[in-house]
Amino acid sequence: MERCDGERAGYHLKCNGTLYRCECGNVGCMQNKEDACSRQGFLASGRCLKCAATGKHEMLTAGATHSPTLMGDPA
Ligand SMILES: [Zn+2]
Ligand SMILES: [Zn+2]
């Protein structure tokens, strides 16, 4: 699965959380409160911070992205 490379607010640590993608296209990790990570996309309740839909997200897995040229093509 894909890992969040955002930064945790107040800690200056790499987030490394699981990334999710909403059906609206929003991609980010899930945190217990808002603004907990620079790449946060969802609240722990399952609510998307972009479109406010709940439960419309799925875990982002390697290969499921739409930018295959950035995935390290094995020549
Ligand atoms: Zn994150
Ligand atoms: Zn959304």
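Begin by selecting strand 1 and strand 2, which form a hairpin with 4 residues between them; in the turn, Gly-25 has a positive phi of about 105 degrees. Strands here are DSSP runs of E of at least two residues, helices are runs of H or I of at least four, and both are numbered from the N terminus. Two strands count as paired if DSSP finds at least two bridges between them.

The model is predicted: local features need pLDDT of at least 70, side-chain atom pairs count only at pLDDT 80 or more, and totals for chains, interfaces and linings use all residues. Residues are numbered from 1 along each chain as its sequence is written, while chains are lettered from A and ligands numbered from 1 in the order in which they are written.

**Confidence and overall layout**

Colour the model by pLDDT, the predictor's confidence in each residue from 0 to 100. The mean for the protein is 87, and 83% of the residues reach 70 or more. Where pLDDT is low, the predicted coordinates should not be read in detail.

Next, display the secondary structure. The protein has 0 helices and 4 strands, and from the N terminus on its elements run β-β-β-β. The 4 strands form an open sheet in the order 3-2-1-4, with mixed pairing. Strand 3 and strand 4 are the edge strands, each pairing on one side only. From one strand to the next the twist averages 50 degrees, an angle between N-to-C directions on a scale from 0 to 180 degrees, with axes fitted as lines to C-alpha atoms.

**Across the sheet**

Strands of a sheet pair through backbone hydrogen bonds, either parallel or antiparallel. Select strand 3 together with strand 2: the two pair in the parallel sense over 3 bridges. Cys-29 has Gln-40 in strand 3 as its bridge partner, and Met-30 stands opposite Phe-42 in strand 3.

Move on to strand 2 and strand 1, which run antiparallel and are joined by 3 bridges. Here Leu-19 stands opposite Cys-29 in strand 2. Strand 1 and strand 4 also pair in the antiparallel sense, over 3 bridges, and the bridge partner of Tyr-20 in strand 4 is Met-59.

**Burial and the core**

A residue is called buried if 20 or more other C-beta atoms lie within 10 Å of its own, exposed if 12 or fewer do, and partly exposed in between, with C-beta atoms placed from the backbone. By this criterion, buried residues make up 24% of the 75 residues in the protein. Strand 2 is largely enclosed by the rest of the structure because 4 of its 5 residues are buried.

In a regular strand the side chains alternate between the two faces of the sheet. Show the side chains of strand 1: Leu-19 and Arg-21 point one way, Tyr-20 and Cys-22 the other, and all are buried.

Now select Cys-4, Cys-15, Leu-19, Tyr-20, Cys-22, Cys-29, Met-30, Cys-37, Phe-42 and Cys-48, the 10 residues of the largest nonpolar core. Such a core is a set of buried Ala, Val, Leu, Ile, Met, Phe, Trp, Tyr and Cys residues joined through C-beta atoms within 7 Å. Strand 1 (19-22) and strand 2 (27-31) each supply at least two of its residues, and the largest share, 3 residues, comes from strand 1.

Centre on Cys-48. Leaving aside residues up to four places away in sequence, Cys-48 touches Cys-22, Cys-24, Asn-26, Gly-41, Phe-42, Ala-53, Lys-56 and His-57; a contact requires C-beta atoms, placed from the backbone, within 7 Å. Among contacts in the protein between residues at least 6 apart in sequence, 41% join residues at least 24 apart.

Most residues other than glycine have a negative phi, and most peptide bonds are trans. Select Asp-35, in the loop between strand 2 and strand 3: although not a glycine, Asp-35 has a positive phi of about 60 degrees. Asp-35 is exposed because 10 other C-beta atoms lie within 10 Å.

Continue to Ala-52, in the loop between strand 3 and strand 4. Phi of Ala-52 is also positive, near 70 degrees, and with 11 C-beta neighbours inside 10 Å the residue counts as exposed.

Finish at Thr-61, in the segment after strand 4 (57-59). Thr-61 counts as exposed because it has 12 C-beta neighbours inside 10 Å. Not counting residues up to four places away in sequence, Thr-61 touches Met-1 and Glu-2. From Thr-61 to Tyr-20 the C-alpha to C-alpha distance is 8.5 Å, with 41 residues separating them in sequence.

Key:
Contact = placed C-beta atoms within 7 Å.
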